[in-house]
Amino acid sequence: SSPASSGSPASSPAPSASSNTGPQNVDVRNFNNDIQAALDSIKQTGGSVYLPERTYQVTKKIRLFSNTTLFGDGIDKTRIEAISGLSATDSVIGNDSNAGQTNVVLRDMTVVGNGNSDVIRLRNLNKGFIYKVKAENATTGIFLGFQNDKGVNNFRISECQVNRTRENGILMTMGENNVIDKCSMDAECS
């Protein structure tokens with residue numbers, strides 16, 4: 001089973017060509033390295049988006065959807081860097097918190113903020129993992145919160161690193177059955 005539906009953050013299937021039904025596994029290189037376009041392509045079916053080793057520069061929030069996995073080749077190998085355009089009320093990676101999502105996995109990468117926004121902000125979400133992700137240069141590294149009186153539930157943050165945050169390393173508000181384990185934080189608050 002895929003990491004979005006299983007009880008552990010196991011490896012996703014290798015990216016490959018797939019049919020139009022069921023979960024899709026796509027490689028961001030097939031979308032001119034446009035991460036959001038690759039995620040949008042699996043919005044209806046679910047699946048995974050593979051980010052090969054390199055640095056991806058973004059100017060807008062990357063929006064995750066239900067039953068999706070976004071994964072790279074490892075911490076400091078696959079890097080997503082916010083270079084401009086994000087406001088203090090935005091994040092580098094987030095979800096559509098008004099609709100609520102389920103089964104979201106983010107793993108094996110580094111995500112760098114612009115220093116004025118959160119790196120990862122997930123709200124109104126049930127089930128998922130953040131596994132082996134480094135979050136740095138942000139107001140808050142990883143934020144799990146609520147929207148429309150619904151929090152983040154049944155979520156695990158494991159083997160992550162959070163560096164150079166101005167306010168919070170990992171912040172969690174309003175949720176149940178969440179686990180944070182084997183993470184390191186170096187906030188370096190200013």
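**Close-up A. Arg156 and Asp181 meet in a salt bridge, 2.7 Å from N to O.** Here a salt bridge is a side-chain nitrogen of Lys or Arg within 4 Å of a carboxyl oxygen of Asp or Glu. This is a predicted model, where local features need pLDDT of at least 70 and side-chain atom pairs pLDDT 80 or more, while totals for chains, interfaces and linings use all residues. Numbering runs from 1 along each chain as its sequence is written, and side-chain values use heavy atoms, with hydrogens and water left out. The pair links distant parts of the chain, with Arg156 in strand S11 (residues 152-158) and Asp181 in strand S13 (residues 179-181), 25 residues apart; strands are DSSP runs of E, at least two residues, and helices runs of H or I, at least four, numbered from the N terminus. Asp181 counts as buried at 18% relative accessibility, whereas Arg156 is partly exposed at 31% (buried is under 20% relative accessible area, exposed over 50%, partly exposed in between, with a 1.4 Å probe and protein chains only).

Close-up B. Asp90 sits in the loop between strand S6 (78-82) and strand S7 (91-95), and Lys61 in the loop between S3 and strand S4 (62-64), so the bridge ties together parts 29 residues apart in sequence. Asp118 and Arg121 come to 2.9 Å between their closest N and O atoms, and both are buried.

**Close-up C. Tyr50 and Phe71 make the one aromatic pair in the structure.** Ring centres are 5.4 Å apart and the planes stand at 40°, so the pair is tilted (Phe, Tyr and six-membered Trp rings pair if centres lie within 6.5 Å; planes under 30 degrees apart are stacked, over 60 edge-to-face, the rest tilted). Tyr50 is in strand S2 (residues 47-51) and Phe71 in strand S5 (residues 68-72), 21 residues apart. Relative accessibility is 15% for Tyr50, which counts as buried, and 6% for Phe71, also buried.

**Close-up D. The charged end of Arg54 sits over the ring of Tyr56.** The distance to the ring centre is 4.8 Å. The rule wants NZ of Lys or CZ of Arg within 6 Å of the ring centre and within 35 degrees of the ring normal.
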